[in-house]
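Please keep the sequence and the model at hand while reading.

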Amino acid sequence: MLSLAMVAFLIGIVLAYFYMQPQPVPWVDEPTFEADMCVRDLEAESTILARTNIDFDRLHPQVAERGATFVRLAHSCLGLEVRLTSGYRSAKEQNALYAQGRSKPGQVVTNAKAGQSYHNYGLAVDFVIIHDNKTDYDLSTDRNRNDIPDWQELGELGKALGFEWGGDWNSFPDYPHLQMDFDLSIRQLDAGKRPDKEAVAPLADTLKPLLD
């Protein structure tokens, strides 16, 4: 029989083996975006922003403004072309999206029925990376070759602009999703409460010189 000392030794080896295994780098919860390499090119930014086809007027003013800034800074700071693909969604549009992968063909892309998404209240936008005129949803892509996945950089940029990024969610991560809740829950919004039109989202200090 093995002695207690030998058993303890073997357990220690097993535990050391597991704890020493490299762990994946997590998607961080706090913005880590650095803006010191940004060079604004307003003309080029405007050209790229014009390719976004959503109704900014249906969004909360702050969501619309920061959403447009997100597209602009993605170009000037990260060298990435981004388009907003979705903004406000009606109840009918939300239910149609919820049916996808369930009662309709396609992959499941949302767990939210009508009234359960911040899109339904003009408080969210979705985006995609465009490369060679094609959408790129590969989470490992690093087009700007700085050893950080482009989607992670964009998530950090969104958070620096005051958005909550769906890529941080533990349950059903939604990497193309950005939202501002202004401290209002879906239940409160569904009950009719709305953020003030003058409400302002926080802005990371590193971005303030770029937007002054």
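## An exposed aspartate in a loop

D57 is placed in the loop between α2 (42–49) and α3 (61–78), where helices (H or I, at least four residues) and strands (E, at least two) are DSSP runs numbered from the N terminus. With 73% relative accessibility, D57 counts as exposed; the classes used here are buried for under 20% relative accessible area, exposed for over 50% and partly exposed in between, with a 1.4 Å probe and protein chains only. D57 and Y88 are 31 residues apart in sequence, and their C-alpha atoms are 9.1 Å apart in space.

## Basis of the model

The model is predicted, so that local features need pLDDT of at least 70 and side-chain atom pairs count only at pLDDT 80 or more, while totals for chains, interfaces and linings use all residues. Residues are numbered from 1 along each chain as its sequence is written, and side-chain values use heavy atoms, with hydrogens and water left out.

## Salt bridges

Side chains of opposite charge can pair when their charged atoms come close. The structure holds nine salt bridges, each being a side-chain nitrogen of Lys or Arg within 4 Å of a carboxyl oxygen of Asp or Glu. One of them joins R89 to D126, with the closest N and O atoms 2.9 Å apart. Because R89 lies in the loop between β1 (81–86) and α4 (91–99) and D126 in strand β2 (residues 124–131), this pair ties together parts that are 37 residues apart in sequence. R89 is buried at 10% relative accessibility, and D126 is buried with a relative accessible area of 12%.

D205 and K208 also meet through their side chains in a salt bridge (3.0 Å, N to O); here D205 is exposed, with a relative accessible area of 59%, and K208 is partly exposed at 37%. Salt bridges that share partners join R40, E45 and R72 into one network.

## A buried aspartate without a partner

D174 is placed in the loop between β4 (164–165) and β5 (177–179). D174 is buried yet has no salt bridge, and R89, the nearest side chain of opposite charge, is 6.4 Å away; for charge, Lys and Arg count as positive and Asp and Glu as negative, while His and the chain ends are not counted. Leaving aside neighbours within four places in sequence, D174 is in contact (heavy atoms within 4.5 Å) with G166, G167 and W169.

## The largest pocket

The largest pocket has a volume of about 610 Å³. Of the 27 residues that line this pocket, the closest to its centre are V109, W169, F172, D174 and H177, and the elements that give two or more residues to the lining are β1, α4 and β5. A pocket is, on a 1 Å grid over the protein atoms alone, an open set of points where a 1.4 Å probe fits, with protein on both sides within 12 Å along at least five of seven lines, and lining residues have an atom within 4 Å of a point. By class, the lining has twelve nonpolar, eleven polar and four charged residues, where Ala, Val, Leu, Ile, Met, Phe, Trp, Tyr, Cys and Pro count as nonpolar, Asp, Glu, Lys and Arg as charged, and the others, Gly among them, as polar.

Conventions: Points joined across faces, edges and corners; volume = space filled by probe spheres on them.
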